[in-house]
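Have a look at the structure first, then read on.

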There are 2 protein chains.
Amino acid sequence: MKWLRTTFISLTVLLISLPLSADQWVEKQSFTIDSYTTHGGETIKDIKVGWEAYGKLNEAKDNVILITHFFSGNSHAAGKYSEDDPQAGYWDAIIGSGKAIDTDKYYVISVDSLVNAYPNLPNVITTGPASINPDTGKPYGLDFPVVTIRDFVNVQKALLEDLGINKLHAVIGASMGSLQAIEWAAAYPDWVERMVSVIGAGSLDAWTIMGLEQWAQAIKLDPNWNGGNYYDGDAPLEGVTLAQAMITQGAMHPEYINQAVPKQETLPAKGLESVTTELPAVEWLFGASRARAPLADANHILYLVRANQLFVAGHQNTLKDGLKNISAKTLFLPSSNDLLLMPYMAENTAEQLREMGKEVQYEEISGPWGHLNGLFSIQQKAGLLSEFLTKE
Amino acid sequence: MKWLRTTFISLTVLLISLPLSADQWVEKQSFTIDSYTTHGGETIKDIKVGWEAYGKLNEAKDNVILITHFFSGNSHAAGKYSEDDPQAGYWDAIIGSGKAIDTDKYYVISVDSLVNAYPNLPNVITTGPASINPDTGKPYGLDFPVVTIRDFVNVQKALLEDLGINKLHAVIGASMGSLQAIEWAAAYPDWVERMVSVIGAGSLDAWTIMGLEQWAQAIKLDPNWNGGNYYDGDAPLEGVTLAQAMITQGAMHPEYINQAVPKQETLPAKGLESVTTELPAVEWLFGASRARAPLADANHILYLVRANQLFVAGHQNTLKDGLKNISAKTLFLPSSNDLLLMPYMAENTAEQLREMGKEVQYEEISGPWGHLNGLFSIQQKAGLLSEFLTKE
C-alpha cells in the first residue's frame with residue numbers, strides 16, 4: 001500500500017496541472033481532543049473527528065478555506081480516496097485545481113461533525129452517542145450531552161488552532177454546513193474574512209423546527225430504539241429508514257423526482273391487493289433508504305436534529321444580536337425551489353445584515369433539485385464564488 | 001328532544017330569509033347498502049355511511065350539488081348540529097342561504113366517505129377496517145378490501161339513486177374531495193354538468209405518492225399497530241400522532257405557521273437538557289395531534305392513503321384516457337402556495353382538458369394557509385363560484 005500511496009501522490013502532483021475534471025486523491029485524517037467542554041457546559045472526553053484537506057497550507061497560514069458539511073454529509077467534500085472510488089466528494093465540481101475554490105491557491109479543509117449521522121460509514125470519524133463512554137466502557141446513548149452548531153464550530157476551531165491557523169480566508173457550507181458557516185462568522189468574527197451560506201439560514205423558524213421533529217419522531221417510534229439503548233441489540237433500522245426517506249424527499253423537488261421515478265400505471269394490481277404492498281414510487285424512495293439505514297446511527301440523527309432545532313446564529317438572545325458581530329463579507333446562495341430550508345430564510349438573514357450596513361451578496365441557485373441544488377447545481381455559481389473569494 | 005328538533009326546524013325556516021351569517025341547523029343521516037362490490041371486485045356487506053343535506057330538493061330533482069370531502073374531513077360541510085356547536089361545517093362560508101352555493105336554490109348534499117379517517121368522531125358514520133365484519137363478528141382489520149376513489153363515488157351514487165336523483169347540477173370538492181369530483185365527471189359524465197376541483201388534481205404523481213407513504217409508514221412503525229390487529233388492545237396512537245402531525249404541517253405553509261407559533265428563544269434551557277424534551281413549536285404541532293389521535297383509526301388512514309395513491313381520474317390506462325369522457329364544465333381552484341397538492345398538478349389536468357377542447361376555468365386561491373387555503377380562504381372565490389354555478 002505504501003507504493004500505492006506514493007503513486008497517488010505522484011498522480012496528484014501530475015494532475016494538478018490538468019484541467020477541471022482531473023481526479024484528486026485525498027485521505028481522511030483524525031483529530032483528538034482529550035477533554036472538550038460543550039457550549040452547554042458539559043464535558044466530553046476523548047473526542048475524535050475525521051478531517052480532510054485539499055491544496056497546500058502556505059507559510060503565512062492565511063490561505064485557509066473551511067468547508068462545513070450538511071446533515072447527511074461528512075468532511076469528504078472533494079476528490080477520491082482511491083482509483084476505484086466510484087464517486088468524488090460532494091462539491092468536487094467547485095473544489096480542486098483551477099476550480100472555483102482553487103486548491104492551487106487555497107488550503108481547503110473540512111471536518112466530520114460531532115454526532116455525524118453516518119458513523120458506520122468507513123470514512124467517517126465522529127464522536128457521539130454511539131461512541132464508547134470512557135467512564136463506563138459502553139456507548140453513551142442518551143447520556144451523551146446535547147451539542148449545538150456552536151460545538152461543531154468549536155471542534156473545528158480546535159483542529160485549526162492545532163494546525164497553527166488563526167484566520168479563515170473563507171468559511172463555506174451548504175445546509176447544516178451553512179449554519180456552521182454563519183455561526184463561525186458570528187461567534188469568531190476576527191477569524192472569518194468571507195462567509196458563504198449555501199441553501200442555509202441564520203436561524204431556523206418554527207416551520208423548520210417542526211419538520212425536523214418529524215424525522216426524530218420516526219426514529220423514536222421504532223420499538224428497537226428503546227429510549228436510545230439499542231447498542232446491545234437490533235438497531236431501529238425501520239425508524240431510520242422512514243427518517244431518511246423524509247430527509248431525502250424533503251431535500252428534493254417534484255421537478256426532479258417526477259422525471260426520475262417510474263410513472264405509475266393506473267390501479268396497479270399489486271396496489272389493490274393490500275395496503276401493505278409497496279408501489280413503485282415508494283420502492284424507489286424507501287428501497288434506497290432501507291439499504292442505507294445500517295450506515296446511520298439513530299441517536300446521532302436525533303442529536304443532529306436537536307442541534308439544528310436550537311440554531312440561532314451567534315447563540316445570543318435574538319438573531320439580530322447574533323448577526324451584529326459579523327464582520328465578514330457574506331454571500332448567500334439559497335435554492336429558488338428549496339422545500340426544506342426555503343429561500344425566504346436566507347433572504348431574511350441577508351436582509352437583516354444589509355440593514356446593519358454589512359457587505360452582503362444574495363443570489364439564488366436554480367435547477368430541478370430543490371434543496372439539493374446546493375450540491376448538484378452548485379457549479380452554476382462557480383464564477384460568482386471564485387470572484388467572491390478574491391474580493392478584498 | 002322532539003321539541004328541540006322542531007325548534008331547530010322553525011329556526012332554520014326563519015333563518016333562511018336572513019343574511020349570510022345566519023346559522024343553519026343540520027343533522028347527520030345514515031345510508032345503508034346491503035352488499036357492495038368494490039371497483040376491485042371484492043364484496044363488502046352492510047355498508048353504512050353518514051350524509052348531510054342543506055337546502056331543498058326540487059320536484060324535478062335537478063337542483064343537486066354534491067360536496068365531496070377531504071382526507072381528514074367528513075360530510076359536515078356547512079351548518080351546525082345545535083346551538084352550542086362551537087364550529088360550523090368546513091365550507092360554511094360558501095354554503096348556505098344567499099351564499100355562493102346558495103341553499104335557497106340548490107339541494108346541497110355530502111356523504112361521509114368509506115374508510116373515513118375519523119370513525120370515532122360522534123358525527124361520522126363510515127365503514128372500513130374498524131367496522132365489524134358481519135361474517136366474523138369482529139373488526140375487519142386488514143381483511144377489509146382496498147377501496148379506491150371510484151368506490152367513494154359509487155357509494156355516493158347509490159345514495160343519490162336511492163333519493164331518486166340522476167343528475168348533478170355540480171360536484172364540488174376540496175383536496176381528496178377534488179379527486180372524487182373529477183372522478184365523478186370522468187366516470188359518470190351523463191350525471192355531471194359542472195365540476196369544481198379545489199386544491200386537487202386529476203392524478204397523483206410520484207412525488208405525492210411518496211409523501212402519502214410517509215404518513216402510512218409512521219403508523220406501521222408503531223408497535224401497537226401490530227399488522228392492523230389492535231382492536232382488542234391499545235390503538236397505535238403514537239403512530240397516528242406522527243401521521244397527523246405530518247398531514248397538518250404538510251397542509252399548511254410557513255407563512256401561517258411562523259406567525260401562529262410562539263417564536264423560539266435562543267437555546268431554550270429545556271432543549272439543551274436532552275434530545276427527548278419537546279420544544280415550543282413541536283408542542284404546538286404534536287400536542288394538538290396527540291389530543292386528536294384517539295378520534296382517528298390507524299387502519300382507516302392507511303386505506304385512505306392507498307385510495308389516494310391509486311388515483312388516476314377515470315381509472316383508465318392513462319390520465320388522458322380518463323379525462324376524455326368528461327363533458328362537464330370544469331373549474332380548477334388550486335392554492336398558489338400549496339405544498340401538499342402543488343398547483344402544477346391542477347394546472348396539468350386543466351391543460352390536458354383544454355387541449356381536448358373542453359370547457360375549463362382555472363384560478364389560484366391565495367392566502368397564508370398553503371393547501372388549507374382551499375378551506376380557509378375559499379370565500380375569496382365566492383363570486384366566481386356563484387357565477388360558475390349559473391353558467392349554462
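Helices (H or I, at least four residues) and strands (E, at least two) are DSSP runs, numbered from the N terminus. This is a predicted model, where local features need pLDDT of at least 70, side-chain atom pairs count only at pLDDT 80 or more, and totals for chains, interfaces and linings use all residues. Residues are numbered from 1 along each chain as its sequence is written.

**A residue in a loop**
- You'll find A:Leu279 in the loop between α7 (269-273) and α8 (280-292) of chain A.
- A:Leu279 counts as buried because its relative accessibility is 2% (buried means under 20% relative accessible area, exposed over 50%, partly exposed in between, with a 1.4 Å probe and protein chains only).
- Beyond neighbours within four places in sequence, A:Leu279 is in contact with residues including A:Pro268, B:Ile209 and B:Leu310 (contact means heavy atoms within 4.5 Å).
- A:Gln264 is also one of those contacts; from A:Leu279 it is 15 residues away in sequence and 8.1 Å away in space, C-alpha to C-alpha.

**The sheet**
- Chain A has an open sheet of eight strands with mixed pairing, in the order β1-β2-β6-β3-β9-β10-β11-β12 (two strands pair if DSSP finds at least two bridges between them).
- β1 (29-37) and β12 (360-362) of chain A sit at the edges with a single partner strand each, so one side of each has no neighbour in the sheet.
- Strands β3 (residues 64-68) and β9 (residues 170-174) of chain A pair in the parallel sense over four bridges.
- A:Thr68 has A:Gly173 in β9(A) as its bridge partner.

Note on methods:
Chains lettered and ligands numbered in written order. Heavy atoms only, no water.
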